[in-house]
Amino acid sequence: MASESVARAVAEEAGRWGSMRQTGVSLRYMTEFGSRPTERNLLLSAQFLRKELPIRIARRALELESLPFGLSNKPAILKVRDWYLESFRDIRYFPDVRSGSDELAFTQMIKMIKVRHNNVVPTMALGVQQLKKEQCRTRRIPSGFEEIHEFLDRFYMSRIGIRMLIGQHVALHDPDPEPGVIGLINTKLSPIQVAQAASEDARYICLREYGSAPDINIYGDPTFTFPYVSSHLHLMLFELVKNSLRAVQERYMNSDKDVPPVRIIVADGAEDVTIKVSDEGGGIPRSGLPRIFTYLYSTAKNPPDIDGPSEGVTMAGYGYGLPISRLYARYFGGDMQIISMEGYGTDAYLHLSRLGDSEEPLP
């Protein structure tokens with residue numbers, strides 16, 4: 001009974017905090033502030049996060065309770081909502097951060113919150129899959145499914161922002177950062193090096209699944225660097241390269257023809273850094289192109305089941321890889337485009353904004 005009243009009190013407080021205005025932080029401010037990770041600056045950062053994170057987390061918890069088509073009641077969505085309410089409670093009930101030892105304890109706590117939310121994306125995808133299965137059985141295809149897509153875009157974009165704030169604060173505690181690295185931001189990131197690492201990871205997955213993998217050729221200036229978040233770029237490139245490898249592998253696996261390589265081209269423009277991932281995997285039908293950035297589309301013949309065992313990253317799953325990757329690009333003002341030639345292949349363009357002087361508040 002007592003636990004029920006506590007849960008009710010937390011939910012009511014989340015309702016109040018969810019109506020408050022969140023504060024945007026620009027990347028330029030993050031970089032300048034983080035370049036001096038003194039004890040005072042880390043204390044100020046922790047005090048800001050103690051006020052800001054509950055607002056952002058409460059907003060997401062409230063939205064999870066009012067989704068259309070009964071999505072809020074799916075077991076996977078309820079699990080995610082509980083994670084958000086737990087995290088809201090942990091931060092709200094944490095004592096005032098007044099000293100260096102308080103700050104270290106707070107940092108450990110938000111680090112644990114970040115870990116708690118590691119599986120939010122696949123768990124949300126399972127909830128959507130539950131809804132899809134139900135509607136396939138009842139043959140009820142709702143006309144307003146774009147409402148769910150818009151919610152998921154907002155939800156995942158907010159999640160990127162929350163994880164960026166937590167990750168940046170935690171990373172500023174690194175006693176021996178690499179040269180040019182400020183928290184999560186690498187001021188001298190080499191897109192060629194990230195492309196090589198992402199390609200190796202994607203090829204490993206392809207080899208594990210099919211027993212072989214197409215070659216990957218990377219073109220661009222190996223000395224070129226620009227400011228960006230390495231983990232974000234790796235995630236986006238891994239997804240694009242993985243999709244291309246799968247398309248080429250499946251097209252040529254029973255063919256006597258030479259398997260064409262996947263090509264990655266890095267271009268340094270005045271406004272954007274653009275990375276093209278190009279394949280000859282047969283392309284996507286024109287009728288399918290509008291759906292590739294929705295959360296309800298997957299080319300996997302048998303996507304992983306909600307109740308089945310998890311085997312880590314697979315070559316194709318629930319269909320959230322591309323829409324999530326595009327959000328990562330858009331988070332810093334970039335974008336992603338897919339141009340396909342059915343019967344030949346696909347070109348994916350990743351447009352990355354130069355971050356150095358951006359004073360725009362991040363989502």
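**View 1. Helices α7 and α10 pack at an angle of about 55° in this predicted model.** Their axes lie 10 Å apart. The crossing of α7 past α10 is right-handed. Helix α10 covers residues 321-331.

**View 2. Residues of α7 meet residues of α10.** From α7 come D153, Y156, M157, I160, G161 and M164. From α10 come I324, L327, Y328, R330 and Y331. By class, this contact has 8 nonpolar, 1 polar and 2 charged residues.

**View 3. The largest cavity has a volume of about 80 Å³.** The model holds 2 cavities of 30 Å³ or more. Lining the largest cavity are I57, Y84, I113, K114, H117, R159, I162, R163 and I166. Helices α5 (100-116) and α7 (146-171) each supply at least two residues of this lining. Helix α7 gives the most, with 4 residues. Sorted by class, the lining of the largest cavity has 5 nonpolar, 1 polar and 3 charged residues.

**View 4. The second largest cavity holds about 30 Å³ of space.** Its lining is made up of V25, M30, R56, G161, L165, Y331, L362 and P363. Among them, G161 of α7 and Y331 of α10 also take part in the contact between those two helices. By class, the lining of the second largest cavity has 6 nonpolar, 1 polar and 1 charged residues.

Methods:
Residues are numbered from 1 along each chain as its sequence is written. This is a predicted model: local features need pLDDT of at least 70, side-chain atom pairs count only at pLDDT 80 or more; totals for chains, interfaces and linings use all residues. Side-chain values use heavy atoms; hydrogens and water are left out. On a 1 Å grid over the protein atoms alone, a cavity is a set of points where a 1.4 Å probe fits but cannot get out, and a pocket is an open set with protein on both sides within 12 Å along at least five of seven lines; lining residues have an atom within 4 Å of a point. Grid points are joined across faces, edges and corners, and a volume is the space filled by probe spheres set on the points. Ala, Val, Leu, Ile, Met, Phe, Trp, Tyr, Cys and Pro count as nonpolar, Asp, Glu, Lys and Arg as charged, and the others, Gly among them, as polar. Axes are lines fitted to C-alpha atoms, for helices over the stretch in contact, and angles run from 0 to 180 degrees between N-to-C directions. A crossing is left-handed if the near helix is turned anticlockwise from the far one by less than a right angle, and right-handed if clockwise. Contact means heavy atoms within 4.5 Å.
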